[in-house]
Amino acid sequence: MKQILCPMNGLRDIDEFVYGGVVRDMPDTAHCSDEDWSEYLFLMDNTAGLVREWWLHSPSGYWFIAERDTVSDVISATFDPSLFFTWAAAEHTQANSDD
Amino acid sequence: MTDSLDRLSAPAGLLIDRSRTVNFDFEGRRHQGLSGDSLASALYASGERALSRSFKYHRRRGALSMAGQDANTLVSVNGEPNVLADMIPLSEGLSARAQNTWGGLRFDALAVMNLLGGLLPAGFYYRAFYRPRGIWQFWEPVIRAMAGLGVLPNRAPHALSEKRHLHADVVVVGAGPAGISAALTAARHGASVILIDENRRVGGSLTYDNAHLKDPAQRIAELEETLRSEPGITLLVDSVCTGWFADHLLSVISAGSLIKIRARRCILATGSFQQHLVFRNNDLPGVILASAAQRLISLYGIRPGRRAVVATVNDEGLQCALDLQRAGTEVQVVVDLRTVGLADSALQEKLFQAGIRYEAESAINEARAGSRSGELIAVDIRRIIAAGELAAAGEIIYCDLLCMAGGTMPAYQLACQGGARLRYAEESAEFSIENLPLGMYLVGAVRGVRGERVSGEWSGIGLEQDAAHVASLALQSLGLIDEPSVAVSAASAPVNHAWPIFAHGGGKEFVDLDEDLQVADIQGSVDLGYRDVQLVKRFSTVGMGPSQGRHASLPTALLVARATDRLVDETGVTTARPPFAAEKLSVLAGPPRHPVRHTSLHQRHLNMGATMMPAGAWQRPAFYGSPDRRTALIQSEVAQVRTGVGAIDISTLGGLEIRGPDSCELLAHIYANPLRSLAVGRARYVIALNEMGFVIDDGVACRTAENNYYVTATTTGVDRLYREITRWNAQWRLDVDVVNVSSAFSAVNVAGPASRRVMAALCPDLALDRNDFPFMACVNAPVAGIAARIVRVGFVGELGFEIHIPSSRGAELWDSVFKAGRDHGIVPFGVEAQRLLRLEKGHVIVGQDTDGATHPDEVGLSWAAKPERGFFVGGRSVAMHRAKGIGRKLVGFRLKPGAGQIAEGDLVMSGGDIVGHVTSCGAPLAGGDTIGLAYTADTQAMAGDLLRLRALDGTLLTATIADTPFYDHAGERQEV
């Protein structure tokens with residue numbers, strides 16, 4: 001059974017984790033074309049090589065990012081998502097109101 | 001059967017205790033062995049060499065390896081099938097039978113199959129029985145009865161075996177000289193070590209190939225003492241490592257139970273398998289591996305035969321001949337496939353001194369069986385004139401034992417399970433292992449390091465140092481040492497022959513003894529077009545037997561390479577997968593566990609006579625009372641809620657607690673509904689979409705404080721929703737804390753026109769009238785003295801109060817509710833009544849009335865999803881769907897009593913086409929209409945239109961589309 005080094009919980013068996021898909025940039029929903037949006041939803045790159053993926057340590061509810069080689073299945077590094085994301089970066093595309 | 005053979009004196013007989021005899025029977029005849037014998041060794045000592053009949057041709061078979069590495073020794077012991085006779089220790093009263101015989105081992109009626117062999121080439125099932133259609137169904141049971149292995153007992157005992165988990169810095173598989181050296185090196189540098197060996201005693205080849213030791217028994221005892229006194233080493237003997245799994249998780253079968261060992265580093269010292277030679281009748285009882293003969297002598301003190309021939313491709317055969325001679329077996333000749341001058345000169349000198357004839361460049365043309373015994377009586381030896389070709393005439397030599405040293409194959413299986421690859425070197429005719437997974441190391445023979453001979457005697461020089469060096473590399477990677485020890489040169493003399501295969505016009509030169517496959521079967525598979533070794537395996541079944549290619553993979557690789565005119569390196573061997581050794585299902589299986597979740601009120605429901613039903617992993621009351629009155633009971637519960645008051649356990653509802661300054665910001669992006677305007681003390685129905693814009697969950701969001709929300713979610717959807725929310729926020733980085741509190745809270749919904757009076761009794765200090773506590777308000781207040789969160793919602797369409805309290809107080813609340821409600825005729829109601837009540841209201845149940853692709857507009861929830869307000873999850877897709885228009889719509893329908901029976905899942909038809917299905921239906925009133933919800937492709941369908949339904953039995957029914965809600969259309973009753 002594979003093991004993953006969770007940035008918060010340390011090395012744990014993979015059956016404690018849930019895969020959350022490849023980390024991808026969401027297009028600006030307010031301005032992107034329907035084609036761009038459809039591509040984002042349905043067309044995955046299916047990269048053979050190093051990818052960044054979402055993983056959840058299920059018992060602790062902690063999401064993090066792993067760099068995994070999809071060919072060798074070696075996870076080379078895991079990170080807390082704060083290294084990649086900030087609310088400030090997301091805000092301009094994700095603003096909303098009640099109306 | 002040969003004469004009984006006397007036991008040799010010590011030091012031969014490492015495992016046996018000559019002072020204690022053990023009685024047992026085999027095939028109904030009584031025998032006596034010694035304590036420490038295996039079943040196979042005790043039988044061998046009694047002159048019984050044949051143990052079973054072969055898979056296809058029902059040929060007599062005896063032990064090949066004496067080490068549990070072949071299927072020939074599978075017997076039935078005390079009714080248990082497929083026990084390895086050469087591994088099971090003898091015990092008093094043991095009763096064993098041969099397998100795969102009709103009428104007994106000696107006079108197997110199916111031995112006639114041996115004569116029909118020419119009619120049964122590999123893959124004959126596929127070719128002979130595929131036409132006419134159905135013929136296989138006739139023949140399969142016949143063939144299965146004739147072939148196959150043991151017979152399963154009909155009344156197998158129910159066995160449970162425990163599982164153990166162990167952890168170690170370094171696991172060493174194989175306790176031969178190399179494994180021991182690696183384990184000691186690792187332990188002495190501070191690593192925790194587990195050393196595993198499948199045999200009862202450690203020492204590996206030292207336990208049987210030990211002519212160089214003065215006192216082998218003492219040497220083995222010393223090794224065991226050294227290992228046991230090393231505090232860092234856990235020694236597991238009599239334990240088989242059957243599989244390697246990712247990141248060094250090893251499955252080990254030990255004493256009938258499974259141990260899962262997690263290693264940080266894995267050192268394989270699995271050794272190599274001595275190979276058989278391929279020639280006619282190489283499977284006769286009496287034809288054994290050279291190492292098997294050495295094991296008989298050294299482990300069990302048995303003289304393996306009276307007159308022996310040794311056939312070899314390397315010096316192991318020469319050593320075996322010397323060991324045999326010393327044990328009192330007269331060695332007639334050593335037949336060496338190698339050309340003159342390649343044998344170790346010192347060993348050859350010893351043979352000469354012992355008076356043993358030696359023939360180089362010679363091989364066995366065939367072995368011959370006695371007509372009555374069916375066992376070996378002679379061999380025909382001939383000169384090799386070209387690779388695989390023998391001279392036209394040879395010499396017949398009478399013997400009762402033929403020992404084969406056909407080269408070696410590294411025990412590659414565990415390494416290859418880990419992703420390693422085998423490479424074949426044409427010069428040395430050997431496979432080696434490369435591309436090991438990170439953290440796996442090889443030592444000893446599996447690495448091709450075997451220890452040198454010095455003056456003809458085996459010595460561990462080079463081998464042990466090399467193993468220590470490899471172990472130091474593992475230690476360095478663990479940070480336990482700074483520098484690895486110096487590498488030593490560990491070159492080993494070649495042990496393999498390029499072509500140890502001698503096809504014979506008469507066949508029966510077995511490549512795979514398990515599956516009864518001959519040279520022609522492999523060749524024939526290639527001729528039929530199966531060029532790839534993987535396809536040859538699947539067509540011919542080579543290597544699929546219990547010995548998993550330990551002896552078949554090397555000759556198969558050679559034969560396929562030659563037949564396809566490729567290099568062996570190009571053909572390779574078939575993929576190695578766990579398990580490497582047979583595992584009983586009872587060892588793998590866990591106890592039968594079907595976890596269910598009970599709410600804190602479970603016992604109360606049972607006490608009230610509830611009929612329970614599953615809801616996800618939960619158990620919930622379907623209705624209260626006996627199942628034979630199901631419909632009447634449900635309708636009665638419905639009526640009570642409509643006219644009086646009822647209480648339902650809704651503890652299974654999901655609950656999320658959202659806290660922190662950005663709570664509002666988070667929810668406004670997660671849920672489709674606008675939530676910024678939700679005031680403190682108010683609640684709102686909310687739906688969650690996925691990015692595709694499809695409905696994945698719904699619930700009620702309660703703003704309990706400025707920066708604090710309590711949001712309910714569906715019973716089965718909450719875990720997924722919680723994951724989605726936390727994943728979104730892992731990106732958005734909002735200052736908010738989301739907790740899944742589903743299990744922390746129990747909840748009861750008190751509903752019905754009389755519910756306010758029940759609540760008044762429960763919360764005397766709380767203002768409950770419609771102005772103080774209006775519809776869709778929420779408040780924190782004690783209920784019957786228990787701190788509670790009360791929400792006025794109307795899922796069932798009546799005045800109602802949801803009371804959420806800590807689970808620990810659930811039963812207490814339930815009792816208080818029923819006490820307070822007694823005067824108002826309160827009744828409990830179950831999930832079935834609740835579903836009907838909400839169906840009357842036209843409320844959608846996410847997961848029942850929606851599927852994985854339900855757009856909010858299809859189920860009347862377009863009001864909740866407004867992409868115009870900006871970003872929320874799924875909003876962009878909702879806008880696109882809306883521009884395109886929806887393709888189906890959920891509508892309500894009515895079916896008159898007597899119009900027929902309809903059930904959830906029945907189809908909605910338009911002409912001959914299926915255009916939808918019924919998602920919910922039922923009759924809330926006895927003798928009343930059946931009402932329901934169904935999808936239809938007619939998005940313009942109006943109340944009064946007809947809806948054509950097809951029931952499961954094909955009956956066509958006509959329902960009428962109706963406006964929803966079916967009941968209290970204006971929604972006045974829930975808002976009073």
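**Helix packing and burial in a predicted model**

The buried residues of helix H1 (residues 34–42) of chain A are A:Trp37, A:Tyr40 and A:Leu41. This is a predicted model, in which local features need pLDDT of at least 70, side-chain atom pairs count only at pLDDT 80 or more, and totals for chains, interfaces and linings use all residues. Residues are numbered from 1 along each chain as its sequence is written, chains are lettered from A and ligands numbered from 1 in the order in which they are written, and side-chain values use heavy atoms, with hydrogens and water left out.

Me: What makes the buried residues of H1(A) line one face of the helix?
Reply: Seen down the axis of H1(A), the buried residues fall within an arc of 95°, so they line one face; the arc is that of the directions from the helix axis to the C-beta atoms. On the other side of H1(A), A:Glu35 and A:Phe42 are exposed.

Me: Why is B:His602 called buried?
Reply: B:His602 has a relative accessible area of 12%. Buried means under 20%, exposed over 50% and partly exposed in between (1.4 Å probe, protein chains only), so B:His602 is buried. B:His602 is found in helix H17 (residues 602–607) of chain B.

Me: Which residues does B:His602 touch, not counting residues up to four places away in sequence?
Reply: B:His602 touches B:Met612 and B:Gln619, where contact means heavy atoms within 4.5 Å.

Me: What makes H1(A) oblique to H24(B)?
Reply: What covers the buried residues of H1(A) includes helix H24 (875–884) of chain B. The axes of H1(A) and H24(B) come within 11 Å and cross at roughly 125°. Angles under 35 degrees count as roughly parallel, over 145 as roughly antiparallel, 65 to 115 as roughly perpendicular and the rest as oblique, so H1(A) is oblique to H24(B). The contact is made by A:Asp34, A:Trp37, A:Ser38 and A:Leu41 of H1(A) and by B:Arg876, B:Ser877 and B:Met880 of H24(B).

Me: Why are H7(B) and H8(B) called roughly parallel?
Reply: Helix H7 (residues 290–300) and helix H8 (residues 315–326), both of chain B, pack at an angle of about 30°, with their axes 10 Å apart. That angle falls under the parallel cut-off, and H7(B) and H8(B) are therefore roughly parallel to each other.

Me: Which residues of H7(B) and H8(B) meet?
Reply: In H7(B), B:Ala290, B:Ala293, B:Gln294 and B:Ile297 meet B:Gln319, B:Cys320, B:Asp323 and B:Leu324 of H8(B).

How values were computed. Axes are lines fitted to C-alpha atoms, for helices over the stretch in contact, and angles run from 0 to 180 degrees between N-to-C directions. Helices (H or I, at least four residues) and strands (E, at least two) are DSSP runs, numbered from the N terminus.
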